[in-house]
Amino acid sequence: MDIEFNGGYMLKNKVALVTGSSSGIGLAIAKQLALQGARVMMNGLEADDIGKEIARQLAEESGAECHYCCADLSSAAGVDLLIDHCIEQYGTVDILINNAGIQFVSPVTDFPRAQWDAIIAVNLNAAFHCTQRVLPLMERNGWGRLIHISSVHGMVASVNKSAYCAAKHGLIGFSKVVALETADKGITSNCICPGWTDTPLLNDQVKVFAQQNNQTLEEATRGLVHSKAPYPDLIDPAAIGALAVYLCSDMAKAMTGTALPIDGAWTAH
Ligand code: NAD
């Protein structure tokens with residue numbers, strides 16, 4: 001099969017909504033999609049003036065249209081605000097990247113109920129609410145791509161990460177059901193499952209680990225990585241963006257219901 005590049009831009013004019021894209025993996029995915037010609041709606045908790053500046057910089061760098069909407073996706077109302085804003089701006093949603101996520105670490109016995117609820121709300125419920133809103137648009141268009149950023153913690157567990165593991169495992173189950181329900185509609189639903197990735201979310205964990213073990217940040221990073229994965233380095237968020245581009249391409253139209261690790265062999269054990 002020939003690959004259709006649309007004059008060099010694989011995703012020209014597709015509308016991509018990337019949740020939690022003011023930072024880290026979401027920002028890297030937004031960038032890769034924009035570089036392929038997608039029009040991007042960015043989102044995060046950062047205030048509008050900060051988020052709009054991030055979107056302006058990405059538009060300048062990529063030549064693509066990029067906008068930002070500050071919306072807290074821990075409630076269905078926040079999700080509605082974001083989706084309505086995207087439809088108002090671009091008329092539809094072709095690609096949804098459910099990426100927004102938070103972390104909290106504690107043994108189950110001490111896990112604060114409010115932290116459990118917050119993690120499930122952002123890391124799992126928001127993906128359901130966003131997907132439910134965009135599916136009718138994708139069905140109408142006969143084309144859609146859903147990518148949920150799960151984690152290695154959607155496949156295996158680590159101590160003290162009960163809520164995070166529950167949400168990330170749940171995301172994979174949810175994505176598979178969506179894949180079954182949309183397989184004949186030109187829509188795919190897949191999870192990407194990163195290991196240690198170089199982002200602010202991970203850096204916060206490194207700082208705690210360094211303090212606890214009286215180590216430098218570099219020693220703590222190496223220690224964390226080696227504790228789980230044989231690959232020696234952190235994963236570059238851009239690599240996750242590149243995988244997302246592939247999953248959005250027409251070459252990947254039969255790839256649905258998968259959960260793809262990009263984890264330095266963490267889950268190969
Ligand atoms: P990050 O902290 O750099 O970025 C998180 C993004 O989510 C930010 O844009 C933030 O504003 C947004 N966000 C947080 N709470 C939100 C809310 N209530 N509503 C809307 N937006 C919200 O984190 P990251 O490391 O880039 O993580 C992105 C995703 O990747 C998360 O789902 C995370 O679980 C997953 N992940 C990260 C790693 C890693 O090692 N960094 C590994 C596996 C999976």
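Which helices and strands each supply at least two residues of the lining of the largest pocket? In this model, they are α1, β2, α4 (113-141), α5 and α6.

## About the model

This is a predicted model, in which local features need pLDDT of at least 70 and side-chain atom pairs count only at pLDDT 80 or more, while totals for chains, interfaces and linings use all residues. Residues are numbered from 1 along each chain as its sequence is written, and side-chain values use heavy atoms, with hydrogens and water left out.

Helices (H or I, at least four residues) and strands (E, at least two) are DSSP runs, numbered from the N terminus.

## The largest pocket

Let's start with the open space. A pocket is found on a 1 Å grid over the protein atoms alone, as an open set of points with protein on both sides within 12 Å along at least five of seven lines; a lining residue has an atom within 4 Å of a point. The largest pocket has a volume of about 880 Å³, where volume means the space filled by probe spheres set on the points, and points are joined across faces, edges and corners.

This pocket is lined by 40 residues, and N99, A100, G101, I102 and L201 lie nearest its centre. Helix α6 provides the largest share of the lining, five residues. By class, the lining has 17 nonpolar, 18 polar and five charged residues. Here Ala, Val, Leu, Ile, Met, Phe, Trp, Tyr, Cys and Pro count as nonpolar, Asp, Glu, Lys and Arg as charged, and the others, Gly among them, as polar.

## The ligand and its neighbours

What takes up the largest pocket? The ligand does; a molecule sits in a pocket if more than half of its atoms lie within 2 Å of the pocket's grid points. There are 31 residues around the ligand, and S22, S23, N99, Y164 and T199 come nearest; a residue is near a molecule if one of its heavy atoms lies within 4 Å of it. This shell divides into 13 nonpolar, 15 polar and three charged residues. At least two shell residues come from each of α1 (24-35), β2 (39-44), α5 (162-182) and α6 (200-213).

An N or O atom in the side chain of S22 is 2.7 Å from an oxygen atom of the ligand. For K168, a side-chain N or O atom is 2.9 Å from a ligand oxygen, and a polar side-chain atom of D72 lies 2.9 Å from a ligand nitrogen. The protein covers 93% of the 830 Å² of accessible area that the ligand has on its own, with areas from the Shrake-Rupley method and a 1.4 Å probe.

## The second largest pocket

The second largest pocket has a volume of about 360 Å³. Of its 15 lining residues, V105, K161, Q205, F209 and L224 are the closest to its centre. Helices α6 and α7 (217-228) each supply at least two lining residues, and α6 gives the most, with four.

A cavity is a set of points where a 1.4 Å probe fits but cannot get out. The count comes to two cavities of 30 Å³ or more.

The largest cavity has a volume of about 60 Å³, and its lining includes T19, N99 and K168. Helix α4 gives the most to this lining, with four residues. The second largest cavity holds about 40 Å³ of space, and W196, Y231 and D263 are among the residues that line it.

Key:
A polar contact is a pair of N or O atoms within 3.5 Å; within protein, one must be able to donate a hydrogen and the other to accept it, and residues adjacent in sequence count only if both atoms are side-chain atoms.
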